[in-house]
Amino acid sequence: MDCFKLYLLKYCSILVIPLYILDWKDFDKLACVYFKMLFTDREAVDSFLKPYFQPILNMITTIIFDMNGVITDDEEIHELATQRIFSTIGFDVTPEIYREFCLGRTDVAAFKDILEQFGIIGQNLEDLIEVKSIEYQQLIAGNLKIYPGIIKLIKDLHQKYPLSLTSSSTFEEVQTVMDELKIGDLFEVLVTSRDVVHGKPHPEPYLLTAERLNVAPANCLVIEDSENGVKSAKSAGMKCLAISNTESPDKLGLADWIIEDYSEITDDLIQKIGL
Ligand SMILES: [Mg+2]
């Protein structure tokens with residue numbers, strides 16, 4: 001049974017059960033209509049009641065953060081680490097190649113596609129990823145840049161919503177960032193590249209996050225910076241607020257809302273996006 005049907009049962013029961021307890025004289029008739037509609041003409045019930053329940057159904061209860069480009073201003077470091085590793089095997093990852101293959105994606109998917117697309121043979125994918133991850137962690141140690149206002153935003157939202165972090169980075173990279181910024185405790189769930197088969201733009205990372213949080217995708221608001229990340233969130237059935245930190249707004253058009261600065265995020269805006 002989907003989320004809406006559960007709400008329907010719950011709220012109709014709230015109406016019917018008290019009338020039964022109060023021994024309302026027309027209870028039999030009402031119950032008869034209620035059950036008849038519920039079990040024989042659900043589509044009619046759905047279309048009749050859905051507008052009234054829509055605000056409840058779509059209420060944002062959970063906030064999910066992407067990491068790179070949303071919290072950490074480290075896309076240049078990822079790019080540098082990737083360029084260095086590929087240069088050791090004689091391949092030049094140009095800015096154009098990095099943007100097309102790597103931005104917002106897992107290293108597994110991006111590196112695999114680069115190797116295949118450019119006919120690079122004889123390389124071990126897992127070794128490349130591990131060496132790049134070590135290079136990244138060394139580059140950010142004591143040198144991690146973050147976006148203005150992001151830590152305050154995370155701490156403020158943590159007072160009101162369960163938070164999750166869903167990143168295309170490796171577990172080790174995410175853990176290093178969480179340790180550097182001392183914010184790991186603020187997230188109930190961390191989903192990293194090791195948890196999924198398909199990375200962004202596939203919906204799997206966000207669907208897995210919702211499953212681990214035990215929340216319906218429709219009640220989640222994702223904060224993303226990349227086109228691939230926005231596609232992933234939207235195809236998972238979530239609301240998405242994009243910030244133009246790394247990509248221009250025209251690349252983020254699938255998002256429900258686009259901002260330039262974290263100070264634009266308020267409770268009113270969060271719930272407005274949910275409607
Ligand atoms: Mg990102």
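This is a predicted model: local features need pLDDT of at least 70, side-chain atom pairs count only at pLDDT 80 or more; totals for chains, interfaces and linings use all residues.
Trainee: What makes up the secondary structure of the protein?

Mentor: The protein has 12 helices and six strands. Helices (H or I, at least four residues) and strands (E, at least two) are DSSP runs, numbered from the N terminus.

Trainee: Why are strand 1 and strand 4 said to pair?

Mentor: Two strands pair if DSSP finds at least two bridges between them. Four bridges join strand 1 to strand 4 (residues 220-224), so the two are paired, and they run parallel. I64 has V222 as its bridge partner in strand 4.

Trainee: Which strand is joined to strand 1 by three bridges?

Mentor: That is strand 2 (residues 163-166), which also runs parallel to strand 1. Here I63 is bridged to L163.

Trainee: In what order do the six strands form the open sheet?

Mentor: The order is 3-2-1-4-5-6, with parallel pairing. Strand 3 (189-191) and strand 6 (257-259) are the edge strands, each pairing on one side only. From one strand to the next, the twist averages 20 degrees.

Trainee: What makes both faces of strand 1 count as covered?

Mentor: T62 and I64 on one side, and I63 and F65 on the other, are all buried. A residue is buried if 20 or more other C-beta atoms lie within 10 Å of its own, exposed if 12 or fewer, and partly exposed in between, with C-beta atoms placed from the backbone. Of the 275 residues in the protein, 33% are buried.

Trainee: Why is helix 7 called roughly parallel to helix 9?

Mentor: The axes of helix 7 (residues 125-140) and helix 9 (residues 171-181) come within 10 Å and cross at roughly 15 degrees. Axes are lines fitted to C-alpha atoms, for helices over the stretch in contact, and angles run from 0 to 180 degrees between N-to-C directions. Angles under 35 degrees count as roughly parallel, over 145 as roughly antiparallel, 65 to 115 as roughly perpendicular and the rest as oblique. Helix 7 is therefore roughly parallel to helix 9.

Trainee: Which residues of helix 7 meet helix 9?

Mentor: S133, Y136, Q137 and I140 in helix 7 meet E172, E173, T176 and E180 in helix 9. Contact requires C-beta atoms, placed from the backbone, to lie within 7 Å.

Key:
Residues are numbered from 1 along each chain as its sequence is written. Two residues are in contact if their C-beta atoms, placed from the backbone, lie within 7 Å.
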